[in-house]
Amino acid sequence: MKIKILIIMAIIVAFFYLLPQPQKEIKEAHHNNKIKMSESSKDISKDFIIRNVRLYDGYDIYEEMDIMIKDNRVYKVGKNLPDQSQLPELKAEGKTLIPGFIDSHTHAYGDALVDALNFGVTTELDMFSMPEFTADKMKRRDNVDNNLEADLFSATILATAPGGHGTEYGFKIPVLDSPKQVDQFVLDRIAQGADYIKAVYNSKLAKRQFFPSISKDIIKVLIESAHKNGVMLVVHVDNLISAKEVISLGANGIVHSFMDEVADDELINMMKANNAFII
């Protein structure tokens, strides 16, 4: 019996040794792709033409199109574009050009914005990162020559309760335990460059209570304060009742779905009436 077990284990180990090494293959593919890109675009600056590409504009597909880029902007699109300026050209037969993707819920740090471009993501909507990281990145998004990393929009620091979700990551953040703190919190986030305010909320009526939560009074004042100051208020929830409560109070959106129940007609009709969204 022991011999049979040892034989089976040896076969399993041998099988895994024969499997490809994904990280090695990924690195090699990335290296080869970098070489091809550097060779094909070594003369490319901010002015060039992409030739004979399949173009998807977000609505329709167009075959064998040329795209002329001038000063880092799309200047002209059409078939067989004449080029009086003798611009560098990228041959793109068999390839497809699409609009950049928008990742609508991220937490950006480190090299996240650089890595995003490898997946076609040109814009990230960040739902909680430290201002020390976001401030410089958010300034660059208006530069058309920012071609080394994705553009960043951010909530900066989220609104949560003492000990609430968002406080468990090892760095200190401001927290809310009174409606009186809300206006200053919102103004501080806007001063840090926040494009919208993100809050974490869990109703007292919810069956699951994983973390302490800001009160219903606080989320209500947060929504009012955000709107008064011209920004959206979006909310992290993980259950249906919390979603209904924040939408009924005027939240602009829910930044991911909930896990306890399927969305019902009441919530959907409430969101339609309030022009609210869900990521």
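## A three-stranded sheet

Two strands count as paired if DSSP finds at least two bridges between them. With that in mind, welcome to this predicted model. One part to look at is an open sheet of three strands, in the order β6-β7-β8 and with parallel pairing. Strands β6 (101-106) and β8 (151-154) stand at its edges, and each has a single partner strand, so one side of each is left without a neighbour in the sheet. From one strand to the next, the twist averages 20 degrees.

Let us look at how β7 and β8 are joined. These two strands run parallel and are connected by four bridges. Asp126 has Ser154, in β8, as its bridge partner. Helix α4 (residues 131-140) lies across β7 and β8, and runs at about 125 degrees to β8.

Is Thr123 buried or exposed? Its relative accessibility is 14%, and residues under 20% count as buried, so Thr123 is buried.

Leaving aside residues up to four places away in sequence, Thr123 touches Phe101, Ile102 and Asp103, along with Ala150, Asp151 and Phe153.

Now turn to another part of the model. Here an open sheet of four strands has the order β9-β10-β11-β12, with parallel pairing. The edges are taken by β9 (196-200) and β12 (277-278); each has a single partner strand, so one side of each has no neighbour in the sheet. Helix α6 (residues 216-228) packs on this sheet and touches β9 and β10. The direction of α6 makes about 150 degrees with that of β10.

Inside the sheet, β10 (residues 232-236) and β11 (residues 253-254) run parallel and are joined by two bridges. Across from Val235 stands Ile254, in β11.

## Helix α7, mostly covered

How many of the nine residues of helix α7 are buried? The helix, made of residues 240-248, is mostly covered, with seven of its nine residues buried. Those buried in α7 are Leu240, Ser242, Ala243, Lys244, Glu245, Val246 and Ile247.

What do the buried residues of α7 pack against? Their neighbours are α6, β10, β11 and α8 (265-274). After α7 comes Gly250, which has a positive phi near 105 degrees.

The relative accessibility of Ile61 is 53%, and over 50% counts as exposed, so Ile61 is exposed.

Asn52 is not a glycine, although its phi is positive, at about 55 degrees. The place of Asn52 is in strand β1 (residues 48-56), and with a relative accessible area of 27%, Asn52 is partly exposed.

Glu64 also has a positive phi, near 50 degrees, in a residue other than glycine. Its place is in strand β2. Glu64 has a relative accessibility of 54%, so this residue counts as exposed.

Conventions: Residues are numbered from 1 along each chain as its sequence is written. This is a predicted model: local features need pLDDT of at least 70, side-chain atom pairs count only at pLDDT 80 or more; totals for chains, interfaces and linings use all residues. Side-chain values use heavy atoms; hydrogens and water are left out. Buried means under 20% relative accessible area, exposed over 50%, partly exposed in between (1.4 Å probe, protein chains only). Contact means heavy atoms within 4.5 Å. Axes are lines fitted to C-alpha atoms, for helices over the stretch in contact, and angles run from 0 to 180 degrees between N-to-C directions.
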